[in-house]
Amino acid sequence: ARLGVLYRSLQVGVIIYVVTNMFLSGGHLYKEEPDGYPTFWFEAGDLYSAQNSTEAFCSNTEFNYYMDEDENHYWNSVNLSCYNLHYSEAVRKTAKSGFVTTLIKRRHSRTLP
């Protein structure tokens with residue numbers, strides 16, 4: 001009987017010690033932001049076979065889009081053409097991020113002297 005009382009007394013003492021220590025030290029307020037990095041990969045898949053077909057919007061004036069009446073407005077999409085990127089040109093991957101190029105807009109302008 002004395003051993004059982006000692007056992008329960010020690011259990012209660014340990015619980016009181018842990019709870020008191022946690023609240024006095026502020027351990028219950030501890031927050032941690034995870035440092036993990038995303039795990040992902042890219043594969044070429046059917047990229048090259050898909051590039052053999054021509055999309056409907058490539059070099060088709062039906063898909064011209066005018067955001068503004070000014071011909072030089074940046075968001076006007078006029079005379080769209082398609083360019084087949086190599087897999088290494090379309091995908092960029094770093095330890096913390098990945099990027100896939102979906103649209104490239106090139107503006108050509110001339111300046112005269």
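Trainee: Why is Asn-79 called exposed?

Mentor: Its relative accessible area is 59%, and exposed means over 50%, buried under 20% and partly exposed in between, with a 1.4 Å probe and protein chains only. Asn-79 is therefore classed as exposed. This is a predicted model, in which local features need pLDDT of at least 70 and side-chain atom pairs count only at pLDDT 80 or more, while totals for chains, interfaces and linings use all residues. Residues are numbered from 1 along each chain as its sequence is written, and side-chain values use heavy atoms, with hydrogens and water left out.

Trainee: Where is Asn-79, and what is its phi?

Mentor: Asn-79 sits in the loop between α2 and α3. Its phi is positive, about 55°, although the residue is not a glycine.

Trainee: Why is Ser-59 called exposed?

Mentor: The relative accessible area of Ser-59 is 61%, so by the cut-off of over 50% it is exposed. Ser-59 also lies in the loop between α2 and α3, and it has a positive phi of about 50° without being a glycine.

Trainee: What makes Tyr-66 partly exposed?

Mentor: Its relative accessibility is 44%, which falls between the limits of 20% and 50%, so partly exposed is the class. Tyr-66 is found in the loop between α2 (47-50) and α3 (87-90).

Trainee: Which residues does Tyr-66 contact, leaving aside neighbours within four places in sequence?

Mentor: Glu-71, Asn-76 and Val-78, where contact means heavy atoms within 4.5 Å. Tyr-66 and Asn-76 are ten residues apart in sequence, with their C-alpha atoms 4.6 Å apart.

Trainee: Which elements does the protein have?

Mentor: Three helices and two strands, in the order α-α-α-β-β from the N terminus. Helices (H or I, at least four residues) and strands (E, at least two) are DSSP runs, numbered from the N terminus.

Trainee: Why is the protein called more spread out than a compact globule?

Mentor: Its radius of gyration is 32 Å, well over the 13 Å that the globule rule gives for 113 residues, so the protein is more spread out than a compact globule. The radius is taken over C-alpha atoms, and the rule is 2.2 Å times the number of residues to the power 0.38. The C-alpha trace spans about 100 × 35 × 30 Å along its principal axes. Buried residues make up 5% of the 113 residues.

Trainee: What span does helix α1 have, and what is expected?

Mentor: Helix α1 (residues 2-25) has 24 residues and reaches 34 Å from its first C-alpha to its last, close to the expected 34 Å. The expected span is 1.5 Å times one less than the number of residues. Just after α1, Gly-26 takes a positive phi of about 80°.
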